[in-house]
Amino acid sequence: MNGEPVFIRGGNWIVSDGLLRLSEKRYKSDIDFHGDMNLNMIRCWAGGITERPEFYKNCDRRGILVSSSTFSEFSGSMLQMLTERMKNDCLCNCRYGKSSG
């Protein structure tokens, strides 16, 4: 990263709560759990939801990189719907995924 090699220690992120009751406190707790395990990257699973800004904010706070999967295996109207979701992901990554340091 930035011209320096990085040893990635990562895990997968699948929506923590199927009822989408994720609060700022819950995001903080779940992201802290990953950070406390010395993970420095989280892969967002393609079949999950488009994460909210709180997710990216807490990853940034802990210095955790985020890798979002793509939906290349879909086609037709499903692809159009997912493309719109990916645009939102890209905006969130640009706004909240960057390190402030």
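Analyst: What follows is a set of questions about the terms used for this structure.

Analyst: This is a predicted model, in which local features need pLDDT of at least 70 and side-chain atom pairs count only at pLDDT 80 or more, while totals for chains, interfaces and linings use all residues. Residues are numbered from 1 along each chain as its sequence is written, and side-chain values use heavy atoms, with hydrogens and water left out.

User: Why is tryptophan 13 called buried?

Analyst: Buried means under 20% relative accessible area, exposed means over 50%, and partly exposed is in between (1.4 Å probe, protein chains only). Tryptophan 13 has a relative accessible area of 4%, so it is buried. Tyrosine 27, with 1%, is buried too.

User: Which residues make up the largest nonpolar core, and what makes it a core?

Analyst: A nonpolar core is a set of buried Ala, Val, Leu, Ile, Met, Phe, Trp, Tyr and Cys residues joined through side-chain atoms within 4.5 Å. The largest one has 10 residues: Trp13, Leu22, Tyr27, Ile31, Ile42, Cys44, Phe55, Tyr56, Cys59 and Ile64. Two or more residues each come from helix H1 (24–36), strand S2 (41–44) and helix H2 (53–62). H2 gives the largest share, three residues. In soluble globular proteins, nonpolar side chains tend to be buried together.

User: How do you know that the buried residues of H2 line one face?

Analyst: The buried residues in H2 are Phe55, Tyr56, Asn58 and Cys59. Seen down the axis of H2, they fall within an arc of 165° (taken from the directions from the helix axis to the C-beta atoms), so they line one face of the helix. After H2 comes glycine 63, with a positive phi near 70°.

User: Why is the pair of arginine 62 and aspartate 36 called a salt bridge?

Analyst: A salt bridge is a side-chain nitrogen of Lys or Arg within 4 Å of a carboxyl oxygen of Asp or Glu. For arginine 62 and aspartate 36 the closest N and O atoms are 3.2 Å apart, so the pair qualifies. Arginine 62 lies in helix H2 and aspartate 36 in helix H1, so the bridge ties together parts that are 26 residues apart in sequence. Aspartate 36 is exposed at 59%, whereas arginine 62 is partly exposed at 30%.

User: How many salt bridges does this rule give?

Analyst: The count comes to seven. One of them joins arginine 26 to aspartate 30, with the closest N and O atoms 3.3 Å apart. These two residues are four apart in helix H1, so about one helical turn separates them. Lys28, Asp32, Asp36, Arg61 and Arg62 are linked in a network of salt bridges.
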